[in-house]
Amino acid sequence: MADQSILEEEKQKIFGTWTLDTSRSESIAPIMELAGAPWIARWMGGLARCDITIADAGEGRVSVTTATLMRTTTDTFSTAHGVASDASGNYGADATKTGWWEKDKEGRVCLHQRTAKGEDWWSHVVRFVDSRGELIAQVDGGARDGRQAHVRRV
């Protein structure tokens, strides 16, 4: 359930550009595999720089741009829980994105981003800033295969 008590200044901690710290992160290969990337792309992805920019897109929407050596993708989605945004450009026909803000049990402000195909969701990303000021992204493959990967960005 979305938490309406989250203040705008709390959300601002997540906005900005972050760079993957490969020396302190788990491999991004499981994330790329969940996205359907072939093994060679997953291997190369482990060697490449990855930047993510999270921005307020206005009107209750958030934009997440991920840039690697191979490609740049941008997902813009509503953060009004239950409002689906078209994601067919990046994920194929019938793909949607939903997003929402929520505080976790530790009181951290979290940005949720869920991708679905039809009735089945297959990717759920939860992003929050930890006590050291690092952006943490937890990725769950959900209905696709249930695996998780955790990515730290600095």
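**Exercise 1.** Over the face of which residue does R108 lie?

*Solution.* A charge counts as over a ring if NZ of Lys or CZ of Arg is within 6 Å of the ring centre and within 35 degrees of the ring normal. R108 lies over the face of F128, at 3.9 Å from the ring centre. The model is predicted, so local features need pLDDT of at least 70, side-chain atom pairs count only at pLDDT 80 or more, and totals for chains, interfaces and linings use all residues. Residues are numbered from 1 along each chain as its sequence is written, and side-chain values use heavy atoms, without hydrogens and water.

**Exercise 2.** Characterise the aromatic pair formed by F15 and W101.

*Solution.* Rings of Phe, Tyr and Trp (its six-membered ring) pair if their centres lie within 6.5 Å; planes under 30 degrees apart are stacked, over 60 edge-to-face, and the rest tilted. The count by this rule is one pair. F15 and W101 are edge-to-face, with 5.9 Å centre to centre and 85 degrees between the planes. F15 lies in the loop between α1 (8-11) and β1, and W101 in strand β6 (residues 95-103), so the pair ties together parts that are 86 residues apart in sequence. Helices (H or I, at least four residues) and strands (E, at least two) are DSSP runs, numbered from the N terminus. Both F15 and W101 are buried, that is, under 20% relative accessible area with a 1.4 Å probe, protein chains only.

**Exercise 3.** Determine the strand order of the open sheet and its edges.

*Solution.* Strands pair if DSSP finds at least two bridges between them. The order is β1-β2-β3-β4, with antiparallel pairing. β1 (16-19) and β4 (72-78) each have a single partner strand, so one side of each is left without a neighbour in the sheet.

Key: Buried means under 20% relative accessible area, exposed over 50%, partly exposed in between (1.4 Å probe, protein chains only).
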